[in-house]
Amino acid sequence: LTFMAEQEKKEKLNAILEKPQDITFSELTFKYLSYMENRVKYSSLYSQKNKIEKHILPYFNDKPIKGIKALDIMEWQESLTEYSYAYKKGLRGLLNAIYKFGYRYYDIPNMVQKVEPFRNLEAKKEIQYWSIEDFHEFIKNVDKIEYSTLFYTLYNTGCRIGEALALTWNDIDLKKQKITINKSMTKKAKGKPFEITTPKNLSSNRSVDISKKLTETLKKYKAWQKENCQDTTFVFGGNRPFAKTTLERNFNEAIKKSEVPKITIH
């Protein structure tokens, strides 16, 4: 939408919201997303918007709010049978957030609260992980030093992939053998290839002690990077962090070569 069209839509919506019983679900959703724009990270808003557009709006769309009953919410929930419990729970949480916003600011009854939430009937999944022997077998089959150093850092520190990709050399104290984690990288950036943001939550800001072996590995990699790369802004990248798709490819290729159990990078 052009700026003028967007403004016109907002003005029209504001006028409609003087009589909230007359608005449609899509109009309330637009107002909710506008409200959230300056209250959450863009990456979070991006994720919310995608899920709403894919799973919620197509079902309720232009239905008048006053016409949506608890039975409609229940039938919507039953339409999500192909998804996991965790994913369905998250979608219900989004729908509930829209209705909570409507109740708080426009006195719209929250129909979601009238419907029984999803029940978790899935068998508990066992977390897949590598033993130290598995990891050593895997790392032997990672050919490039930049990727082997990254994977070694992830395995030894437990940091998230976005946190590792956001690291600069200022975050790594090789003398004190510590890594400071205070930011994260996301590809969900408005009009940019990536964005450096705060970590997932406040407790994610932390200092991590690193082993002597990882310290030596990072020293060797830093010397290699200085000699072979023009830009060393990011530890794992240059003027921009490594692409996650490239990491995944190198990760899976090494798993195949080493014949260790297939797990996720996280």
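A: Let's start with a word we will need: buried means under 20% relative accessible area, exposed means over 50%, and partly exposed lies in between (1.4 Å probe, protein chains only). Tyr106, at 16% relative accessibility, therefore counts as buried. This is a predicted model, where local features need pLDDT of at least 70 and side-chain atom pairs count only at pLDDT 80 or more, while totals for chains, interfaces and linings use all residues. Residues are numbered from 1 along each chain as its sequence is written, and side-chain values use heavy atoms, leaving out hydrogens and water.

Q: How do I read a pair of aromatic rings, and what are the distance and angle for Phe101 and Tyr106?

A: In general, such a pair is described by the distance of the centres and the angle of the planes. Rings of Phe, Tyr and Trp (its six-membered ring) pair if their centres lie within 6.5 Å; planes under 30 degrees apart are stacked, over 60 edge-to-face, and the rest tilted. A search of the whole structure finds 24 aromatic pairs. For Phe101 and Tyr106, the centres are 5.8 Å apart and the planes at 70 degrees, so this pair is edge-to-face. Phe101 is buried too, with a relative accessible area of 6%.

Q: Which residues do ring pairs link into a cluster?

A: The cluster joins Trp130, Phe135, Phe138, Phe151, Tyr152, Tyr155 and Phe251.

Q: Where does the charged end of Arg39 sit?

A: A charge sits over a ring if NZ of Lys or CZ of Arg is within 6 Å of the ring centre and within 35 degrees of the ring normal. The charged end of Arg39 lies over the ring of Tyr35, 3.8 Å from its centre.
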